[in-house]
Each structure stands twice: as structure tokens, then as C-alpha cells.
Amino acid sequence: MKSNVKVSKHVLTDTYTLNNGTKIPIVGFGTWQTPDGQVAYDSVLAALKAGYRHIDTAAAYGNEESVGKAIADSGVAREDLFVTTKLWNADHGYDAAKKALDTSLAKLGLDYVDLYLIHWPNPAAMRDNWEQLNADTWRAMEEAYTARKARAIGVSNFRPKHLDALLKTAKVVPAVNQIFLNPSDMEDEVVAYNRKHDILSEAYSPLGTGKIFSIPELKTLADKYDKSVAQVVLRWSLQHGFLPLPKSVHADRIKQNTELFDFELSDDDMKVIDGFHGVAGLANDPDQVNF
């Protein structure tokens, strides 16, 4: 990550620079748990209207078609958008991965995605052979990158051991590692690894799937800055150099989550938020998930 954006007095479309030179907007709109159909369509359209230019989806979310339709109907030029999707667990392996990306592109109605990620490093069905399958999958993704079907490629939920294994054969270093990253779990070891290897840390569930709203100290801080709890936590994420992917299906909150650039958290308040480890859940262990 070559850009160290100081995010106060900046805007939603400011960018980090990935390790391959691709620019990625510093806040993205997440669609995890957003149901396919009208809800996904309306929320993505509302996000684009509110100024988001970075949309994150996945094959596993089951909403790529609705996301793609909203993108098509938004009137926003394709070159002004950054679109991410992800390879699901059933599609690991060289041939399956190639087909999976083509399927996602067809559902999205796009010729290319800006970022394509391996969703999980060690699905339950491939525990005996995860390292080889990831290597084969990555080779297919590198070919897609060379063919410009993906402007950048990366991973999600990878821990250092999974990245070490991948890098044994990878010709392209992952540009992004999208992880469960919020005040309740800063995933320090993973973030440190990412930084060492110039891999951007993206934060899915930056609001802890809503659980961080139960932390009373965050409400106190929100009142101090005359902001919402969500705005404070998203701002915290940016000040750490993370890329948060807030998700909402409510137009007012979607817009509110973009209003992050007219305040800055003090160092002391950043440390307070850093201290909430475990209060709203921790990341799933990718070697123990049952899917």
C-alpha cells in the first residue's frame, strides 16, 4: 500500500494505492447479508447516489445479479467504479476458479472486476489439501489478472500461515486481505503481516455486525464528536489505515456512513477504542469453520 492518505479534509473517493499501482477508494460499500432482489438493488443504488464508488460483493452473498443491475442503472461510468467479488469455497482449484470468475462476471454484467478475492483459505471440504488447492486457485486468478478480467487479486480471512503457503508459488503478491477488523478484534498479527508485505487490510464487519453499538464508551465518544457511533468507528478504521466496508440497507444510514471527513479522533480516543478487544466478538478461525 503505497499511499498513506491522511483522511481528514478528504472525501469518499480518495484512494489508497495497491501494491500493483491500482487505486482503490478508501471506503467501500459492503453487501454481506444483504438479500438478493429489491433490497440489494435499492441499497447499492442508494450507496452510489450517496457517493460511494467502491462496491463489495461475493458469490456466496447470492446478490451479484442485483448488485450488477444497480450498477448498470446508476448512470455511474464503469471506469469510475471499483467492484470487488469473491470466489466461494466450492470453487477452489484451477478449473473451478476460472469458471467461477466467469460466472460472477456474467451475474454482475461486467467485463472485469477491479478486485477478485479467495473468500476463505481452508474450507471444511479441502482441509486435507488446502495448500495445493489454494496454489492452483491462485494460478487461475493470476491468469485472470494477466487477462485483465481482474485489475487486482487478493484474499480474505487469510492468516499468516495461509499467506506464507500461498507465497511459496505465487507470482503475484495479494493486493488485499479482507478480514474481520473492528475495535473488538484488530487482528494485530494479521495486520502486521499485511503491512510487512504491502497488502492492504480491508475491514469487513467494521461495525462488528452491529455488536459494537452495545459499547457504552463508544456512545460517549460519539456524543463528544457530535457524530454517530458508526461514524466514530469508521473514522477509527480510516485513521488506522484500514479500508472499511460498512453495510446498511437504510438510505439515511448509508449516507451517514459517508460523513467521515469533517472530524478527526484524538490519539487518546483512538487508544480508548483500541482497548475494546473481545467485547463484541472475535474473528472466526479459518481453520475451524464448518463450511
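## The enclosed cavity

A cavity is a set of grid points where a 1.4 Å probe fits but cannot get out. The model described here is predicted. The structure holds one cavity of 30 Å³ or more. The volume of the largest cavity is about 40 Å³.

Which residues line the largest cavity? The lining consists of N157, R159, I179, F180, E187, Y204, A283, N284 and P286. Sorted by class, five of these residues are nonpolar, two are polar and two are charged.

## The open pockets

The largest pocket holds about 390 Å³ of space. Its lining is made up of 23 residues, and L207, T209, G210, K247 and S248 are the ones nearest the centre. By class, the lining of this pocket has nine nonpolar, eleven polar and three charged residues.

The second largest pocket holds about 250 Å³. It is lined by 17 residues, with W32, H119, W120, N157 and Y204 closest to the centre. Ten residues of this lining are nonpolar and seven are polar, and no charged residue is found there. N157 and Y204 also belong to the lining of the largest cavity.

## Salt bridges

The structure has 13 salt bridges. One of them joins the side chains of R78 and D114, with 2.8 Å between N and O. The pair links distant parts of the chain, 36 residues apart. R78 sits in the loop between α2 (64-74) and β5 (82-87), while D114 sits in the loop between α3 (94-108) and β6 (115-118). Are R78 and D114 buried or exposed? R78 counts as buried because its relative accessibility is 18%, which is under the 20% cut-off. D114 is buried too, with a relative accessible area of 0%.

Another salt bridge is formed by the side chains of D102 and K149, again with an N to O distance of 2.8 Å. D102 lies in helix α3 and K149 in the loop between α4 (130-146) and β7 (153-156), so this pair ties together parts that are 47 residues apart in sequence. D102 is partly exposed at 37% relative accessibility, and K149 is partly exposed at 31%.

K219 and D223 form a salt bridge in which the closest N and O atoms are 2.8 Å apart. These two residues lie in helix α7 (residues 216-225), and because they are four residues apart there, about one helical turn separates them. K219 counts as partly exposed, with a relative accessibility of 46%. Elsewhere, salt bridges that share partners join R78, D114 and R151 into one network.

## The nonpolar cores

In soluble globular proteins, nonpolar side chains tend to be buried together. The largest nonpolar core in this model has 81 residues. The members that touch the most other members are L18, V27, Y116, I212, L218, L265 and I273. Helix α8 (residues 229-239) gives the largest share of this core, seven residues.

Which residues does I273 touch, not counting those up to four places away in sequence? They are P183, L218, L221, V232, W236 and L265. Another core, of five residues, lies apart from the largest one and includes W120, F180, Y204 and A283. Among these, F180, Y204 and A283 also line the largest cavity.

Why is helix α8 described as largely enclosed by the rest of the structure? The reason is that ten of its eleven residues are buried. The buried residues are V229, A230, Q231, V232, V233, L234, R235, W236, S237 and L238. They pack against strands β1 (15-17), β9 (200-204) and β10 (243-244), and against helices α7, α9 (251-256) and α10. After α8 comes G241, which has a positive phi, near 85 degrees.

## The segment after α10

N290 is found in the segment after α10 (267-274). N290 is exposed because its relative accessible area is 71%, over the 50% cut-off. N290 and I26 are 264 residues apart along the chain, and their C-alpha atoms are separated by 32 Å.

Conventions:
Residues are numbered from 1 along each chain as its sequence is written. This is a predicted model: local features need pLDDT of at least 70, side-chain atom pairs count only at pLDDT 80 or more; totals for chains, interfaces and linings use all residues. Side-chain values use heavy atoms; hydrogens and water are left out. On a 1 Å grid over the protein atoms alone, a cavity is a set of points where a 1.4 Å probe fits but cannot get out, and a pocket is an open set with protein on both sides within 12 Å along at least five of seven lines; lining residues have an atom within 4 Å of a point. Grid points are joined across faces, edges and corners, and a volume is the space filled by probe spheres set on the points. Ala, Val, Leu, Ile, Met, Phe, Trp, Tyr, Cys and Pro count as nonpolar, Asp, Glu, Lys and Arg as charged, and the others, Gly among them, as polar. A salt bridge is a side-chain nitrogen of Lys or Arg within 4 Å of a carboxyl oxygen of Asp or Glu. Buried means under 20% relative accessible area, exposed over 50%, partly exposed in between (1.4 Å probe, protein chains only). A nonpolar core is a set of buried Ala, Val, Leu, Ile, Met, Phe, Trp, Tyr and Cys residues joined through side-chain atoms within 4.5 Å. Contact means heavy atoms within 4.5 Å.
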